[in-house]
Amino acid sequence: MEFRIIKNIKILENYIIEVIFEDEIKKLYDLKPLFDRFNEFKVLKNKEEFNKVKIDKGGYGISWNEKVDL
């Protein structure tokens with residue numbers, strides 16, 4: 001499996017994140033389903049917490065805090 005490196009992320013409305021990879025491919029991810037599926041993600045219902053998303057070192061994932069990442 002080949003992994004893409006994340007170049008940029010953009011927070012959109014309604015808990016959707018646009019991820020732009022180094023090869024310029026763009027993907028939209030709706031994170032709302034994770035809120036009910038995983039307890040760790042419930043904190044992200046708070047928009048202030050949701051907006052803290054950042055690209056992990058190396059560009060292979062995104063995270064919000066020590067417990068919540070993708």
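Two housekeeping points, everyone. Residues are numbered from 1 along each chain as its sequence is written, and side-chain values use heavy atoms, with hydrogens and water left out. As the model is predicted, local features need pLDDT of at least 70 and side-chain atom pairs count only at pLDDT 80 or more, while totals for chains, interfaces and linings use all residues.

Let's start with the sheet. Three strands make an open sheet in the order β1-β2-β3, with antiparallel pairing. Strands here are DSSP runs of E, at least two residues, and helices are runs of H or I, at least four residues, both numbered from the N terminus. Two strands count as paired if DSSP finds at least two bridges between them. β1 and β3 are the edge strands, each pairing on one side only. From one strand to the next, the twist averages 25°; for that, axes are lines fitted to C-alpha atoms, and angles run from 0 to 180 degrees between N-to-C directions. As a reminder, strands of a sheet pair through backbone hydrogen bonds, either parallel or antiparallel.

Now the two pairings. β1 and β2 are joined by five bridges, and Ile11 stands opposite Ile17 in β2. Five bridges also join β2, residues 16-21, to β3, residues 26-30; here Glu18 faces Leu28 in β3. β2 and β3 form a hairpin with four residues between them, and Glu24 in the turn has a positive phi of about 70°.

On to the core. A nonpolar core is a set of buried Ala, Val, Leu, Ile, Met, Phe, Trp, Tyr and Cys residues joined through side-chain atoms within 4.5 Å. The largest one has 16 residues, and those with the most contacts inside it include Ile17, Phe41, Ile62 and Trp64. β1 (6-11), β2 and α1 (32-37) each supply at least two of its residues, and β2 gives the most, with three.

Ile62 lies in strand β5, residues 62-63. Leaving aside neighbours within four places in sequence, Ile62 is in contact with residues including Ile6, Ile9, Ile17 and Leu70, where contact means heavy atoms within 4.5 Å. With those neighbours left aside again, Phe41 is in contact with Leu34, Phe35, Trp64, Val68, Asp69 and Leu70.

Thanks, everyone!

How values were computed
Buried means under 20% relative accessible area, exposed over 50%, partly exposed in between (1.4 Å probe, protein chains only).
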